[in-house]
Amino acid sequence: MTSPKLQPELQRIIEARHHDPFSVLGRHPQDKKVVVRAFLPYAQEVHIAEGNLPLQRVPDTDLFEWQGKADQVPERYRLIWRDADNHEHISYDPYCFPPQLQEFDLYLFGEGKHWDSYSFLGAHRHQVDGVAGVLFAVWAPNAERVSVVGNFNRWDGRIHTMRVRGGSGVWELFIPNVGPGDLYKFEVRSRSNGAIFLKSDPYGQQFELRPSTATIVTKPNSYTWGDTAWMEQRQKSDWLHSPMSVYEVHLGSWRRGPEGEFINYRELAHQLVEYVKETGFSHIELLPITEHPYDASWGYQTTGYYAPTSRFGTPDDFRYFIDYCHQNEIGVILDWVPAHFPKDAHGLARFDGEPLYEHADPRLGEHLDWSTLIFNYGRYEVKNFLLSSALYWLKEFHLDGLRVDAVASMLYLDYSRKEWIPNKFGGRENLEAIEFLRELNTVVHSEHPGTMVIAEESTSWPQVTRPTYLGGLGFSMKWNMGWMNDTLRYMAQNPIHRKYHHDLLTFSMLYCFTENFMLPFSHDEVVHGKGSMINKMPGDEWQRFANLRLLYTYMFTHPGKKLLFMGTEFGQGHEWNSANPLDWWVLQYDFHRGLKQMVTDLNHLYHSNPALHYYEFEWQGFDWIDCHDAEQSIVSYLRKKDDDFVVVVVNFTPVPRHDYRIGVPRLCRYTEIFNSDSHYYAGSGVGNGGMELIAEERPWMEKPYSISITVPPLGGLVLRPEPLPPTATLTTIALGELLADAAIDDELLAESATKPSASAEPQAAEEELAQPE
């Protein structure tokens, strides 16, 4: 018989309402003896293995009890129990082990300062006194009771109830004999109303394939990395002055298997790396591969902030993907979503029966447009959850950066809402989110030098990419959404009307160097009825492809790092559909194949010419030649690095401009090293290939010298200065004599004029672009 004073405690165990089952279950001293209690709902009989000591059932319950001398039962003992089918089970009693979590970890977590909270929260392989098992821990401060349920206990929340660790709100339980591959969730009973919720682990590192939602116990990370050289080089790299062109990819629709199935991370690594190296991109940016339940969310409605989606394999498969990219000198950036999370019942929403990760007031805690919930950045444990997630991806998976989604929605309390609550100063700024973003950037740059944090921020918020100690948010870069929108608006105009919208081209230079900008043509521009990039362009098929080649030429020669979404590099006609792979079959056609080759050559040109990439965030890297020729819709400019420079001329009308004079800073010969209208790219071949472009002592456009060139229709040129031939003198008279002495006959001259430009000759183009300045 149990003493009367224990009856309420026992009743709470039976009803699975006890916040500290260790005070009742397990081994306890009692009147110079010990009592061992176990609650086993499916047991018919129970013994203590050490000594084969039988436990007696408490009448009309599933509680079992043994009393005896202390030396008969060791502190760590096993229970043998037989079920109704006469199957025998043996395991160490989870309730004979002391608390396992360290007080210091709990303290740092409560202060929001534990950068590796994933190392003790969640499920981890663990040993206590030589006994192997899994230590489970979860934060649920509003719960009356939390249990671990899984395939090892019939998903019954009465069997493995957890203990709460004081006022931390963290619950823990060490369960022997559980191991990698086992499935589990947390069953949470609300303190306020007794409602029971079944939740996936917020810190889970692997999940079942959707639509299933259980968390999977993972094995300890033992992956052997082969990217040491990359990681060492990255730590000391000067990314501010290095070329960076990013290929944005949705893994689920880049390619599919022969039956339409998803491809494993490992196979994707080989296919994608081969393609990215061929086309010349330096980085891959992945749309979120954090676990998510709904394919059509593209990963932006995340439920697993610490888990690569199981659609493409295991966490080690994803490590292999990144490792293989690094070994082939390709960086990897992950889209990361700390702005909001979905309302799925198994996820973070009302995790312990109350608003926990989110705000209670929907005016603060809900995105009505997206039907998602907003993180409560003012709560230390929530901030710790997000900071730790960011660092987890960088540390455990060697990612080279994070692109932070929807930053504007985090910064403004009134973002896309009619009802909102001002901050304590009466303003619209989300002070808690601002503090979180600053801390995020400070910690990331401190803990992982050389990595990047890139903001998708669509407003004019100041100093997004300036250091936090100067009052900035501390991001490495910011997407230039203004440039993207203005440029696409301009390109959508019929060329005959573009002269009336010339300011859309030139306006970007008024603010270009106020931030560290990245120029994005991302997935957002080719979905939801916006059309594909090629179908945004006006005109017939030839003009649309010429316009798109011109747009990319303008992009790659404009200051700012570059980003293109998959499929836009070869002019896919259909709007992006995440349920289908890209239309690779269109590469059998010249226009698409030519566009892809031009993007490849632009990448090589951009990477091999410091003048095009060294000063992308500083005014020293750019100088207008002429920004006023609205009538002919032409702009010309210099891209520079110290004394090195290239000349860029872009013509946004379908009219070729012959004998078009531009000013140049140096008296020398100029060579056409790129022409977007080359025959090689399925263009018309108008340009200056094979011609001597020698500057004259004729001031023009506020430059001391000038040259006369042919500007192709809907085309862009890049010219490079070259030394004059030894026989040339630096006067216009000598220039005339030089041409006369050359004795070039009319037939040869005519042939040169109709020849594709230098970049139109495949072998010559590759050799030219491969040579650094």
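Where does Ala16 lie? In this predicted model, Ala16 is found in the loop between helix H1 (7–14) and strand E1 (26–30). The phi angle of Ala16 is near 55°, a positive value in a residue other than glycine. Ala16 has a relative accessibility of 3% and therefore counts as buried, since buried means under 20%.

Ser371 also belongs to a loop, the one between strand E21 (366–367) and strand E22 (372–373). For Ser371, phi is near 55°, again a positive value in a residue other than glycine. With a relative accessibility of 41%, Ser371 counts as partly exposed.

A further backbone feature concerns a proline. Pro211 is placed in the loop between strand E14 (196–199) and strand E15 (215–216). The peptide bond leading from Arg210 to Pro211 is cis, and its omega is near 10°.

Helix H5 (residues 265–279) packs with helix H6 (residues 315–327) at an angle of about 20°, and the two axes are 8 Å apart. H5 is therefore roughly parallel to H6, because angles under 35 degrees count as such. The crossing of these helices, H5 and H6, is right-handed.

On the side of H5, the contact is made by Tyr265, Arg266, Leu268, Ala269, His270, Leu272 and Val273. On the side of H6, Asp316, Asp317, Phe318, Tyr320, Phe321, Tyr324 and Cys325 take part. Among the residues of this contact of H5 with H6, ten are nonpolar, one is polar and three are charged.

Terms used
Residues numbered from 1 in each chain as written. Predicted model: local features only at pLDDT ≥ 70, side-chain atom pairs only at ≥ 80, totals over all residues. Heavy atoms only, no water. Axes fitted to C-alpha atoms, helices over the stretch in contact; angles between N-to-C directions. Helix = DSSP H or I, 4+ residues; strand = E, 2+ residues; numbered from the N terminus. Parallel < 35°, antiparallel > 145°, perpendicular 65-115°, else oblique. Left-handed = near helix turned anticlockwise from the far one by under 90°. Contact = heavy atoms within 4.5 Å. Nonpolar A, V, L, I, M, F, W, Y, C, P; charged D, E, K, R; others polar. Buried < 20%, exposed > 50% of the residue type's maximum accessible area, 1.4 Å probe, protein only.
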